[in-house]
Amino acid sequence: MNWLDRRNVAILGAVTTGLTFLLILLGVYTAATGTGLTCRGQWPLCGGPLFGLLPPNVASYPEWIHRFVASITGFFILGTAYGAWKAFDSRRIHAAVAISIAVLPVQVLLGRQTVVTYTAGVQTLHHGAAMIIFAGLVGATAWMFDRSGESGTTTTADREGTTRAVDAD
């Protein structure tokens with residue numbers, strides 16, 4: 001069984017989109033509670049035991065969990081993009097995952113800035129970048145599951161046939 005078949009990549013896209021949504025919710029909670037500040041401005045470490053990797057106190061667990069889920073989600077985004085490029089020849093799917101991949105390193109740097117500087121502007125940019133990544137994944141995943149055309153495009157004849165069918169009702 002090839003994991004790069006269209007069905008598997010579409011499922012991976014759906015899982016990745018769900019993880020990204022969960023990550024956004026965790027990020028909103030982390031920002032709202034200010035728990036990113038409990039890591040004492042350290043990034044990517046958090047100042048706790050085991051070489052600074054683990055949270056130093058209970059209050060910093062939301063920030064640490066957010067960072068942990070973010071790292072896993074980042075790899076899922078990369079895997080989804082790779083799979084989408086290999087399994088699909090749709091320009092719109094490629095464009096959607098390319099946007100998500102292009103914004104991903106910016107998002108990581110903005111995530112660092114939310115811990116180091118914690119200003120409203122940085123928080124807004126960080127959440128805005130998350131929305132761009134999420135939108136790209138939602139679009140790509142929806143198009144992966146779209147069965148109206150294998151290439152991801154509809155022809156003029158397809159659109160005219162749909163129009164005639166709607167007009168007949």
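A residue counts as buried when its relative accessible area is under 20%. T80, in this predicted model, has a relative accessible area of 1% and is therefore buried. T80 belongs to helix α2, which covers residues 61-87. Apart from residues within four places in sequence, the contacts of T80 are V9, L12, G13, T16 and M144. Of these, M144 falls within the range of helix α4, residues 120-145, while V9, L12, G13 and T16 fall within that of helix α1, residues 6-33.

The chain as a whole gives the setting for this residue. The protein chain has five helices and zero strands, and the order along the sequence is α-α-α-α-α. Of its 169 residues, 38% count as buried. The protein chain exposes about 9600 Å², and 70% of that area is supplied by carbon and sulfur atoms. Among contacts in the protein chain with a separation of 6 or more, 68% are between residues 24 or more positions apart.

The arrangement can be followed helix pair by helix pair. Two packed helices are described by the angle between their axes and by the distance between those axes. For α1 and α2, the angle is about 155° and the axes are 8 Å apart. Angles over 145 degrees count as roughly antiparallel, so α1 is roughly antiparallel to α2. The crossing of these two helices, α1 and α2, is left-handed. In the contact of α1 with α2, the residues divide into 15 nonpolar, 10 polar and two charged.

L23 is located in helix α1 and counts as buried, because its relative accessibility is 15%. Leaving out residues within four places in sequence, L23 is in contact with H66, V69, A70 and T73. The C-alpha atoms of L23 and R67 lie 9.0 Å apart, although 44 residues separate the two in sequence. T30 is also a residue of helix α1, and with 5% relative accessibility T30 counts as buried. The contacts of T30, again without residues up to four places away in sequence, are T35, G36, P62, E63 and H66.

The crossing of α1 past α4 is left-handed. By class, the contact of α1 with α4 holds 16 nonpolar and eight polar residues, and no charged residues.

Not counting residues up to four places away in sequence, I24 touches A130, M131 and F134. I24 and M131 are 107 residues apart in sequence, yet their C-alpha atoms are 8.3 Å apart in space. V28, another residue of helix α1, has a relative accessible area of 44% and is therefore partly exposed.

Helix α3 covers residues 91-116, and the axes of α3 and α4 come within 8 Å and cross at roughly 155°. α3 and α4 are therefore roughly antiparallel to each other. Their crossing, that of α3 and α4, is left-handed. The residues of the contact of α3 with α4 divide into 17 nonpolar, eight polar and one charged.

Taken together, the pairs give the following picture.

How values were computed:
Residues are numbered from 1 along each chain as its sequence is written. This is a predicted model: local features need pLDDT of at least 70, side-chain atom pairs count only at pLDDT 80 or more; totals for chains, interfaces and linings use all residues. Side-chain values use heavy atoms; hydrogens and water are left out. Axes are lines fitted to C-alpha atoms, for helices over the stretch in contact, and angles run from 0 to 180 degrees between N-to-C directions. Helices (H or I, at least four residues) and strands (E, at least two) are DSSP runs, numbered from the N terminus. A crossing is left-handed if the near helix is turned anticlockwise from the far one by less than a right angle, and right-handed if clockwise. Ala, Val, Leu, Ile, Met, Phe, Trp, Tyr, Cys and Pro count as nonpolar, Asp, Glu, Lys and Arg as charged, and the others, Gly among them, as polar. Buried means under 20% relative accessible area, exposed over 50%, partly exposed in between (1.4 Å probe, protein chains only). Contact means heavy atoms within 4.5 Å. Accessible areas come from the Shrake-Rupley method with a 1.4 Å probe; for residues, only the protein chains shown count as cover. Angles under 35 degrees count as roughly parallel, over 145 as roughly antiparallel, 65 to 115 as roughly perpendicular and the rest as oblique.
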